[in-house]
Amino acid sequence: MPETASIVIKGGRIVDATGERTADVVVVDGRIAAVGTDLDADRTLDAEGCLVAPGLVDIHTHLREPGKEEAETVETGARGAALGGYTAILAMPNTTPAIDSAGVVQQVLELGRSAPCDVFTSGAITVGRAGEQLAPMAEMAALGVRLFTDDGAGVQSNAMMRRAMEYATGLGVTLAQHCEDDALCGGGHMHEGEWSARLGIPGQPAEAEELMVMRDLALARLTGCRVHFQHLSTARSVAMIRDAIAAGLPVTAEATTHHFTLTHAECASYDPLYKVNPPLRTADDVAAVKAGLADGAIGIIATDHAPHTAETKELPFDQAPPGMLGLETALALALTELDLPVQQIIGALSWNPAQVIGIGDTHGLPIAEGNPANLCIIDPEATWTVDGRAMASRSHNTPYQGRELKGRVRHTLLHGEPVVISGEAQR
Amino acid sequence: MSGSSDPVRHLLDIPDLGGAAGIEDVMRLTDSFVEVSERSIPRVPALRGKTVAWLFYEDSTRTRLSFETAAKRLSADTMNFSVSSSSVKKGESLLDTAKTIEAMGIDAIVVRHASAGAPHRIAGWVDAAVINAGDGWHAHPTQALLDCYTIRQNRGDLRGQHIAIVGDIKHSRVARSDVLAFTAMGAEVTLVAPPTLLPPSLEGWPVKVSHDLDQVLPTVDVVYLLRMQRERMSEALLPSLREYTATFGLTNRRVERLRDDALVMHPGPMNRGVEIAAEVADLPRSVILDQVRNGVAVRMAVLYLLLGSGTGLVPPPSTVPPTEEDPARA
Amino acid sequence: MDSDDVQRAVWRMAHEIIEANQGIDEVLLIGLQTGGVAMASALAGALNSIAGVEVPVGSIDVAFYRDDIGLRPVLPEAVTDIPWSLDGRTVVLCDDVLFTGRTIRAALNALSDYGRPRAVRLAVMIDRGHRELPIRPDYVGKNLPTRRDEVVDVHVDGVDLGEMIR
């Protein structure tokens, strides 16, 4: 389609950070040209009965490229993201090699340039994510990296984390932590508790996460560094973050869709589809994560989209890699499982994460004239059945196979281009 | 003999047998196979034409020999996929292996694996019967059945028996399956171990817990000792083997605290001088060799139950008229 | 047959056994589980009354020797009890009803795993015909022609003939 053709999104209900209203939206040349009633354009996208929202932003995506292209590539991950309503995703640095230098950052950004979704990348805090030497954060920040994390592992050393935070404050970037004390995890493969005891699978205690949350809150207080807490999974983690925000610390937190929808009881099947880090926890933890999302202690819903090939998930539970798909199910899970106002849900999926990763100037913006046309149009009443095989991702490891969900992306517009129309990826 | 309600397709853990009635079925079937084992020709043609494959990812001469003897005494053919630790790399797909075995027309796969749940996964992929011969810390159902049988043989019944399981419960598949089997059969179970060797949670386990073996010993009918592995020291779960023996070992002095008729059991292999004093293992009250002997008959019963009994066929045995030659059953 | 008929048949068979074996010193009775066990005891009682000799009575369960394992539920009814050597003895297999002969075939195979008897004989209370194997009883209480789908029920009070329960 020529760039100049105008598009009208007709009959939808706009939901953005400023509120909700019914209006048509006209998009021209990658930007929103008009918002109003009875608008017309060269082309019409039907949004009757739909929500018209800023494109979603995933702050936690594993794209596997470079290194594990058989599980996912930037292209297939981005396509899945577009189908899931995302217009921006942030790649995690645990690739091979790790994203710990300007060179790898450039490679990932380059691969993302032609993708049907804006691909941003995080950078590693330490070289090779090994926790021993600071990665060249300034060099990566110069290329636009705004969030650093060793995701897949937490920075174990207290002293190293303190230095990283201090250094980050000078760059104005945010550090994100995968909170997990390796020694205390002791090789655990699921949440330590009733089910791990029964199943004979080595467990990792909730305290392995909580200790690092506690430490990093203390270090954030010490250094003044902005810290983002990734995939919170325990009730006490949520409570600590709630208190820290109330105390004025510059911290934010995310919850993944699986941590508010699944419990460790799923592991009874021994199916590594349910193996994930941090592990699925108790029903009380699930309730606490939901409560955190409700009261704002957790402002962000992330996917932790972690593709793995079928072969690796055919290994025994303790040998299989942790992680599950998320991009194509996150929105529907949030709409189906969270009893929250739709604006709050979209906020947690769009403008809140956009702020944390420093892309609030292009993504998550209110739907108003002149803003970039990164949009997703959602049919909130559409029901569908999850099928990993039908997903755009190169892998199929969804734990929601066969589950019926409510809410589906109808169209996604990336800088004005409809990359998804009527649920079909356009490229 | 009355069958339990649901057909038993796999034996992955004790609950697959459907509770006390199912375990009792195995016990009665074992009675018949004990008789077979005592004959001059200890072999029956019951599983002629059936093939049983061993898929042992973990070395275990004892369990494998026991299963192999059982299969041979039933006239089954056996096939060895026993994979030495060197030839099977971590990372080999379980699915590929299972499908390969099944393609050879195998009727049952006996699996031992260092990973909990590996037999469950295989059972989900194949039509053959899967028997768990030990998976990680999770389960070892045939060991639990032979333990039940040995207690029943010596005591007549498990109901009301007080059984202490002593030692490294946390890492023990034997303990997990024993707890399920013993309590299903109406026994009372006390786990005796230092807290570092207990599972992280005992929610839903119908057991009592003690850290004081001396106090428990006079109250038990059976003391069941678990093997103490040396690597537990390096994991800081125990200060030393000496301290373990001093506090939880069944020493010559401590065995005096047992009632005269109390039994001593051990799944083997024993660490004489660690969890059990050398002399204690050889006392008449020690039924450790009975356990080994019964192991063959119990495994015959399990193999026959899964492959030969036809309990999965319609109609279930309880509704079948009793006359041997009734054409309704032909 | 009523209970008197059954009793008379047992006595007659006992006499035949003594006559055929020229004494019963080397004779063992083995009842097939379950119906043949009571019959073996009854025969032993009669032999004792007639000859004053305690004939050993064992029992055998042939489930593991059947040829229909896997085709229908086959589980043993009881543990086989043959606590003596069979070598050189005359074994009289006892069963209540002889029908297709398949159970007897299984019993013959089972017996051979316990030793090598000098001879094996077969005593049945009812021979109802419909043999599927070349097996013939040596001692018969009564020949009872039946249809294939009839049921023969032998118990202490006699023998009943009924319709098959479907």
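User: Which two chains of this predicted model have the most contacts between them?

Analyst: Two pairs of chains touch, and the pair formed by chains B and C has the most contacts. Chain A and chain C share no contact; their closest C-alpha atoms are 30 Å apart.

User: How do I judge the span of a helix, taking α5 of chain B, residues 141–155?

Analyst: The expected span is 1.5 Å times one less than the number of residues. Helix α5(B) has 15 residues, and from its first C-alpha to its last it reaches 21 Å, close to the 21 Å expected. After α5(B) comes G156(B), with a positive phi near 85°.

User: Is α5(B) largely enclosed or largely open?

Analyst: A residue counts as buried if 20 or more other C-beta atoms lie within 10 Å of its own. In α5(B), 12 of the 15 residues are buried, so the helix is largely enclosed by the rest of the structure. The buried residues include P141(B), L145(B), C148(B) and R152(B).

User: What do the buried residues of α5(B) pack against?

Analyst: Their partners in chain B are the helices α1 (20–38), α6 (173–184) and α11 (288–307), together with the strands β4 (129–135), β8 (222–225) and β9 (263–265).

User: Is V289(A) buried or exposed?

Analyst: V289(A) is part of helix α9 of chain A, residues 283–295. It counts as buried because it has 26 C-beta neighbours inside 10 Å.

User: Which residues does V289(A) contact, apart from neighbours within four places in sequence?

Analyst: Those contacts are L232(A), S233(A), V238(A), A255(A), H259(A), F260(A) and I298(A).

Note on methods. Residues are numbered from 1 along each chain as its sequence is written. Chains are lettered from A and ligands numbered from 1 in the order in which they are written. This is a predicted model: local features need pLDDT of at least 70, side-chain atom pairs count only at pLDDT 80 or more; totals for chains, interfaces and linings use all residues. Helices (H or I, at least four residues) and strands (E, at least two) are DSSP runs, numbered from the N terminus. Two residues are in contact if their C-beta atoms, placed from the backbone, lie within 7 Å.
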